[in-house]
Amino acid sequence: MRVLISGASIAGPVLAYWLTRHGFDVTVVERAPSLRKTGGHAVDLFRPAMEISAEMGVLPRIEALATGTNRMIMHREGRARPFEIDLTKVYAATSDRHVEIMRDDLSEIYYAAGRDDVEYLFGDTITSIDLDGEVTFEHAPARRFDVVVGADGLHSNVRQLTFGDEANLTRFLGGYLAVVSAPKALASRGEMTCHVGVGRLAAIYTAEHLDDARAVFLFRSNRELDYGHRDALRQKELLRAALANMHEQVDDWLGEVDRTPAFYFDSISQLRLDRWSRRRVTLVGDAGYCPGPAVGGSTSLAVLGAYVLAGELAQADGDLLRAFSAYELQMREPVHQSRAFARGAAKGIIPGSRLGVWALTRGAQLVSTMPGSLSRSLAKLNAKGVRMHDSMRVPDYSATDLQANERNNRRWN
């Protein structure tokens, strides 16, 4: 069975790896001319994604490129004296297995895991998908595929081509996220510096293997702002207006906006599609069920979704209706849980009042000073709260792997 995947960030390469392991013929098309290796923010992998990465044989590489950020210096806007947060205790409270890694590093690791068995088409994009599976591209000749998967992010082209008006069913969660590449000297090794105030937050960090630092900005808005998705000048203008005069350190970080080699800006919005498949097309990761950038654990959800989709396609033995129905059934609860978690997290991470700022900073202090065993025990009492990501189940498709190996052996012998 021939499968076309659009997108080579996180979900795309993970899906490609598992599909080839199950014996599928896989092509990945990516709009960018190569893997995006600069810019982007740190992402969290929780227990399910860690287990899947271990099965892929890439967990040692992921752990080797972890950011190593283990403490935070937190400033409350208007207060002169900062305080220190032990991030190792915060992470331990949220997950039994967790690693923080730069998104571009993670993408490269997943890509390398399967690239020898996958055809990659960089610098191209899908322009149409027919009912019979014929796909046209901006540059490459048209080809026919049995399955087409959109793994191309929140602004998915495949979703637009397949779902039309439904593709725009989103829920604005009241905030914006920006990431700026900055000189490494502005950050300290192993440490995140964070400033938080009413309706806005700014932070900076780096990692030992990086050549730069990443400044991250979040701010609230009562309404969706008017700007073009690719209008970086307007986006930078909105960012400066929202974070101006917060602190002299933050002003220094904002000063890098016009010099940065990599800039990211987007709304914190949630996709509201209840079904992710139509005919021979399906969606995975942020393209289908983005719970909200930076607030819903979307990276771990994308890894889990890619793994499940590959497994269900393999088990269905060519029956796409069966495969897509099983995939959506397996992922429905994790997606709904992530959406609910993200809605609360968006309000808490970007507090809208002085009381909210106090609650955020005081809560971080309490977890940081509390014995690790106690904070973990308290967190485990609420599987739908901070431990929600660890509660997601990873199905076992090992029997399907054995069947695929038998098919491959018969093919070559």
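Strand β16 gives the most to the lining of the second largest pocket, with three residues. Strands here are DSSP runs of E with at least two residues, helices are runs of H or I with at least four, and both are numbered from the N terminus. The model is a predicted one, where local features need pLDDT of at least 70, side-chain atom pairs count only at pLDDT 80 or more, and totals for chains, interfaces and linings use all residues. Residues are numbered from 1 along each chain as its sequence is written, and side-chain values use heavy atoms, with hydrogens and water left out.

The second largest pocket holds about 320 Å³ of space. Of its 15 lining residues, His155, Thr170, Glu224, Asp266 and Ser267 sit closest to the centre. Two or more lining residues come from each of α6 (157–163), β12 (170–183) and β16 (263–271). By type, the lining splits into five nonpolar, seven polar and three charged residues. (A pocket is an open set of points on a 1 Å grid over the protein atoms alone, where a 1.4 Å probe fits, with protein on both sides within 12 Å along at least five of seven lines; lining residues have an atom within 4 Å of a point.)

Turning to the helices, α1 (residues 11–21) packs against α2 (residues 47–56) at about 50 degrees, with the axes 12 Å apart. In the contact (heavy atoms within 4.5 Å), Val14, Tyr17, Trp18 and Arg21 of α1 meet Ile52, Glu55 and Met56 of α2. These residues divide into five nonpolar, no polar and two charged.

Terms used
Grid points are joined across faces, edges and corners, and a volume is the space filled by probe spheres set on the points. Ala, Val, Leu, Ile, Met, Phe, Trp, Tyr, Cys and Pro count as nonpolar, Asp, Glu, Lys and Arg as charged, and the others, Gly among them, as polar. Axes are lines fitted to C-alpha atoms, for helices over the stretch in contact, and angles run from 0 to 180 degrees between N-to-C directions.
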